[in-house]
Amino acid sequence: MSPHAVRPPDVPVAPSVALAVVSPSVVPAVSPAPAAPAAPPALPLAPGAPTAPARSIAAAPARSAAAVTGAPVTPVGPSAPVRSSGAAAPASSFQTATGEADGRAGATAALPGLPRALSSRARTLAGAVRRRCADLARMESPSGDAPRLDALAEELVAGFEATGAVARREPGPAGDHLVLEWAGEDDSLSHLLVVGHHDTVWPVGTLADWPVTEQDGLLSGPGVLDMKAGLALLEGAFALLADLGQRPHRPVRLVVVADEEVGSPDGRRLVERQLPGAAAVLGLEPPHPDGRLKTARRGSSRVRLTVTGREAHAGLNAAEGTSAVDELVDQLVAVRGLACQPGTELNTGRISGGTRANVVAGRAEAELGLRFATPEAQRRTLDQLAQLTALRPGARVRTEVLSSRPAWPERLGNPLLRHVRSLAAALGQQLDGAPAGGAGDTNLAGARGLPTLDGLGAVGAGPHARHEHIRVDQLAPRIALLAAMLAVPLPRLRERPKP
């Protein structure tokens, strides 16, 4: 255990009782987070605290529920506490509330004491997770900064290894990616895949004028919501299970990529490598501001337009030159019309070109961000961009797709969402899901038809904005929900093939 480990104090675990499903109407829905002040006063969360190394959420060694309470109790959760034999509890222990062994009616199974134990321990761990999130946010990790991303990767490995993970670092051109694995109570089952990232959109030095602060129940800072908090929450969920002497029901794999904020041009291969055989895929991106999960995402592509012209003196020989800047401007006017097509949105995010005002520009480029409602819109738009041709003699236009994610369409019925809603209700939470406008690595799974949910990170608002923040009061419910999703058996999520 790291000397910086945060170990929560022991608290009693509720005695085993038959699980009574809490009606969603009992607990109000998570209300939207209030807008953070435009320029909150700098109130450092921990004045004088070092920015590195961050403190991991080191759980106590795996114990039985009896060890937690100090008295014999019936084992909680979907399996008996971890024993050296590693034997899984019989499937009959996991009958649903209606007696269906395959879980089609929901996952609110008669698991004695589990919801109360998870909620109680989650409240105890919430402070450690909040500190962990703040510490991770203090380690700046912009996309493309390999040394800083690798330093953060090392810190994440230390934290997850403390919860029982086996870690592997995968080198990438812009920083190491991570693959972490946890053994399940039944390792013969297909794995549960979780995806996340440790890069952010914020450049180095942002902390100088926007430190990590906590005010009025909001924790604010660069990258705190997207997605340092999501990583801290998952670490807390695994620490919670270990503290209760539990393993995940099935093997779990976590992929943390270093380049998600630029479209995962290299990390994509790592995510796709883990998709075959996955029982379900979960994303640690932030949910909708009101706490709803993300059940579908638009497709996205990053495209670079490069124009080559011919340089000349702008005063003496302007006619001998071909302005790459002028050509690029005209091309962007034409490209803007693509945003008027159904299912397509365009953002021209960056433009550069030319050298001096008295030189006809010989080169110019623009980076475009495109989002698509359907795979058809994505194919159509990318095909049109690939066919762009120069509008003036002497100019050349080149289109390059830097990264691309397919559209993840809404899935009717969505048994995975029903399962998670049932777990949330058993924990006294009300939860739902809705499609999202942004894209992420879960698109890769959802587009293939795999059972997929995103938005399991921290509740908050303002990703990629100066008011980015998380709601501290929603950390404990999220920890408990993630732990339940790891511990409780999944229902059948896909139709069995017909004979």
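**Note on a predicted protein chain**

1. Ser-264 counts as buried, since its relative accessibility is 1%, and the cut-off for that label is under 20% relative accessible area. The model under review is a predicted one, and in it Ser-264 has a positive phi of about 55° although it is not a glycine. The residue lies in the loop that runs between β6 (252-257) and α6 (267-274).

2. His-464 is a second residue to look at, as it also is not a glycine and yet has a positive phi, here of about 70°. It belongs to the loop between β15 (460-461) and β16 (469-471). With a relative accessible area of 42%, His-464 is partly exposed, whereas Ser-264 is buried.

3. The backbone holds a further point for the reader to check, namely the peptide bond from Asp-226 to Met-227, which is cis and has an omega near -10°. Met-227 is found in helix α5. As background to these backbone points, most residues other than glycine have a negative phi, and most peptide bonds are trans.

4. How do the axes of helix α3 and helix α5 cross? The axes of α3 (residues 146-161) and α5 (residues 224-243) come within 10 Å and cross at roughly 20°. Angles under 35 degrees count as roughly parallel, and α3 and α5 are therefore roughly parallel to each other. The crossing in which α3 passes α5 is right-handed.

5. Which residues meet where α3 and α5 are in contact? On the side of α3 they are Leu-152, Leu-156, Gly-159 and Phe-160, and on the side of α5 they are Lys-228, Leu-231, Leu-234 and Glu-235. The residues of this contact divide into five nonpolar, one polar and two charged.

6. For the setting of these details, the secondary structure of the protein chain comes to 11 helices and 16 strands. The chain has 499 residues, of which 54% count as buried, and Ser-264 is one that carries this label.

7. Two further values describe the protein chain as a whole. Among its contacts with a separation of 6 or more, 82% are accounted for by residues 24 or more positions apart. The accessible surface of the chain comes to about 20400 Å², and 55% of that surface belongs to carbon and sulfur atoms.

Notes. Residues are numbered from 1 along each chain as its sequence is written. This is a predicted model: local features need pLDDT of at least 70, side-chain atom pairs count only at pLDDT 80 or more; totals for chains, interfaces and linings use all residues. Side-chain values use heavy atoms; hydrogens and water are left out. Helices (H or I, at least four residues) and strands (E, at least two) are DSSP runs, numbered from the N terminus. Buried means under 20% relative accessible area, exposed over 50%, partly exposed in between (1.4 Å probe, protein chains only). Contact means heavy atoms within 4.5 Å. Accessible areas come from the Shrake-Rupley method with a 1.4 Å probe; for residues, only the protein chains shown count as cover. Axes are lines fitted to C-alpha atoms, for helices over the stretch in contact, and angles run from 0 to 180 degrees between N-to-C directions. Angles under 35 degrees count as roughly parallel, over 145 as roughly antiparallel, 65 to 115 as roughly perpendicular and the rest as oblique. A crossing is left-handed if the near helix is turned anticlockwise from the far one by less than a right angle, and right-handed if clockwise. Ala, Val, Leu, Ile, Met, Phe, Trp, Tyr, Cys and Pro count as nonpolar, Asp, Glu, Lys and Arg as charged, and the others, Gly among them, as polar.
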